[in-house]
Amino acid sequence: AGGGGMPPDPAAVAQLCSCAAAIAVRTAGGMRDLVGSSHGALVALRNVSSRSPPAGLSPQASLRVLSCLPGEADASDRTAKELDEEMAGCVSAVLDAVGSVLNPLAGSAGGTPSLGEAEVVVALKVLGNWIQRCRITLSQLNTGGETSLLAVLVTVLSQPQPTSEDVLSSASLALSNAVLDPPDGLSEARRTAVAVLLRSIQSGFLVAPFTYASAHEWDDGAHGLATLAGALACEEMETVAVCQLPGCPELIELLLRITAHPARSVAVQALEGWLTLQDIPTTERHPDAAAPLFGRIVDILIPRVAYTDSFTVWEDEDELDPQEFAEMRRMVSDVLVSAYFLLRVDYVDRIVAAIKKDPSRWAVTESALFGLTAPSREICARVKARAGGQSVAADKEATAARLVQLASELCTGGADAAAGQHGLVLSAVATFVGSFAPVWNVRCAPEALLDMLAYLMDAMRHPAAAAAAAKSTRQIFVGCCGKLAPLAEGLAAGGDAVANPLAKCLAGAMETSLASGGEEGKNIIFIAEGSTRLCMQIKDVGVLRQVLCITVTPVLRALQHALDAVRTAGDGNGAAAAQLELSCQGVATCLRVLREVVRFCDEPKSSDETYHLNDVLNALWPLLNDVVSTPACRQHAGVLSELLNVHGQLLSNAKQIVAPHFSALVTFVVQSFEETHLPCALDYVAAAVEAFGEDGADTEHSFSQLLAHLSQCACAYVTQEKRPNECPEVIKALFEMTQRYLLFCPQALVACSEFSTLFSLAVACLHECKGERESTRATLNFLAQTIGWKSLRLSPSANSALEAGSAIISISVFHHGEVVTKACVTALSGGAPQMLWPAYSDALFALVSHVVGSSESPTNGDEVARQWMTSALSDDSASVSGVVLPSETKSAVTHFLFGLAKEGPKSKPRAKMLLGDFGKICKGEATADVLVAYSLD
């Protein structure tokens, strides 16, 4: 690397330099020696009269070594304190060495660069890496006056015709690292350096090279310059906002130019600056940095977030990156919200003007509508607000008037007019209509709302706008229910229910959304929720029941049609199987809709009041029975799951109506689990236990027998057909169901003939679930709550039942305690994901607390539990992380844990912290010193 002979291979030199840096950072004093050698080689460049190269490292190799050192330091196993101290001692030499290469660029110390452009780029990367690793400040870079590194960087970044994009990018990154997160933020030296940067903008700093880079499509160079400008603006916004120093107005103008840059990756760099500016109160800003500036920002941003005119679908789009576009719109939304707070009605006027400016360009119309809906929540809050003076009232009035007028104009001609421009325009119009539902509720007559809903139903027939139209329909149903619900009052006087405008609208929305489909049937779910919540606002119960019936009728019809299709599809492969699957999906979708209707249909306030869905249920029960009696539906996971979801929701909302059918339903659920082993069957039983678990001794006995049978089925399934890790959903559902037993019907749990089998299965699953998150967490929660039931807040009757059955629980605890202890210790020492540590900690603390305070132990409970802990901790192979703990640390953890356990449930949070610290010690993320805090208790 020092020269002579054949030219060295650059790749080999790079690898050798990396190796040298890796060795140096891992050797005491090695980094200092290597930096010293590199410094000597680079400083020798200043001696332009010397013709022979210095002995040792070449200048090129020296730069490579210096660039590698910060990264290798981060990968070293030396302590951060040691590395920081050694690197801090090298900073001065590194800056001097880099200055030897870069000073000639500023026309000082030698005039002509002694090295080529590639070496200059490496030198700039050295500077950037060391600035970032050692937090070198602007103050340090500004040392030396006209020959300072800051002056060199300013000169490089002021060239109107830069020769290299790489130089621009590297210099910008290096200076950005010094600008951001400044440790010298409040010092006078920092303020002096910032003043130099801001003043230099007037002489072309950042502005001139950005102009050149933009004209020559140097996007990487423009990105680096934009990043630096944005960083400078964000860090010094309190100064920039008041235009306190020369260069502040020019920096704001530069940010505007960056915002308008055609490359979105460049433009996005300015957005954080605008958000930071908005955090400065307007009273503390220069007048030009308030409303006038944000008006210009809005005018720039709206076309910046537009699709290309040729856009159809993302799969065929070459110019836009979907993730970059989505991120740009997300950040722009935040800026536009800020802009609205300053501009108020002027903001709406600007957007409306953009929409009307060039109707032929669909992309501009769509982006303008996006800009209008971005602050819709804030605009609606302004219009609805009751407080405020005359100016606020005038602004509210003008804003509402503009929005109503725009809605009227956009909806004229129906959905086909917008769809004719582009499907995304129709989607944007639909989103706009729904986003401002609170405004329509204040300003529009019911007839106008019905017109909007008709427009949205029309839009739902267009695939590109169906989802937006369905969501907006729900927003109007919910947001304008106060004006829509009275439309049904005519039915109280015996009016035609089918012809009623509200009932007709609700049924039409259901029918249209069923036809539109959508991802996983989401469109119809939106409509079902909105329709039901609107119906619940009808005051006359008789009218409410009529409207609900009319609303749900299209769904019941579709369910009957799908069931008929299932029956006629038959078995087989190919087209017949595809048709059967499609029909089953149709059944599942209808059931999902009905569950949503039940979910939002309020439970009767008194036992005398008739349930609002009575008439619907009279028509629904035969269909549900048809689903049950259809073999293809029973065996289809989606259909069975949705069917039981409907019944489960009825348990929550209409328990008394379900009660007469409950016995037959449970029989069906058990048969379904025996046939399919789907977790939804266990989920339904869990809901049933919660609903009926406290209804008396007969119910407890029946639920106990049910638990025994389901436990036998589940145990046979996970031991003979599949392993627990192959069916985690079943394990999760099983132990979540048993938790419901513990909370709502504990007598049935402890009296269950299969309780010991269930407990044994839970213990086995700690290993067999292989750390799968949800099933393992459910298992641990069951064990923790069952073992530590005394810490639960239960009813007096539940406590009495568990007290009576405590001996049964203790037998299982003492039988499996050692295995559970070892499983928890192994998991906390690195054998399980850290997100499961709280659950393992709960289980271990419950176990220790139970045994320490148990009267059922054949020997001293404290001694037994300590033996379990000692055995688990003595097995160093259990430490998956490979860290072997000293015996003192193990003893300390055991001592503190048992001390906390004796204090009772109140010490549980402290115990979980202790076990979390134990896990961190095992992983090497903490030292045993963290245990000192527990010795103070």
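This is a predicted model: local features need pLDDT of at least 70, side-chain atom pairs count only at pLDDT 80 or more; totals for chains, interfaces and linings use all residues.

Two residues are in contact when heavy atoms of theirs lie within 4.5 Å.

**Start with the whole chain.** Colour by secondary structure and you will find 49 helices and 0 strands. Along the principal axes, the C-alpha atoms fill a box of roughly 105 × 85 × 65 Å. Of the 937 residues, 53% are buried. If you colour by charge, the mean positions of the 68 positive and 101 negative charges are 4 Å apart.

**Now select residues 423-435.** This is helix α23, and Val-429 lies in it. Is Val-429 buried or exposed? It counts as buried, because its relative accessibility is 2%. Show side chains around it: beyond its neighbours within four places in sequence, Val-429 is in contact with Leu-369, Leu-410, Ala-418 and Tyr-455. Pick Leu-456 too; it is 27 residues from Val-429 in sequence, with 9.2 Å between the C-alpha atoms.

**Finish with residues 806-831 and 861-874.** These are helices α44 and α46, whose axes come within 9 Å and cross at roughly 35 degrees. The crossing is right-handed. To view the contact, display residues of α44 including Val-813, Phe-814 and Gly-817, together with residues of α46 including Val-864, Trp-868 and Met-869.

Methods: Residues are numbered from 1 along each chain as its sequence is written. Side-chain values use heavy atoms; hydrogens and water are left out. Helices (H or I, at least four residues) and strands (E, at least two) are DSSP runs, numbered from the N terminus. Buried means under 20% relative accessible area, exposed over 50%, partly exposed in between (1.4 Å probe, protein chains only). Lys and Arg count as positive and Asp and Glu as negative; His and the chain ends are not counted. The place of a charge is taken as NZ of Lys, CZ of Arg, CG of Asp or CD of Glu. Axes are lines fitted to C-alpha atoms, for helices over the stretch in contact, and angles run from 0 to 180 degrees between N-to-C directions. A crossing is left-handed if the near helix is turned anticlockwise from the far one by less than a right angle, and right-handed if clockwise.
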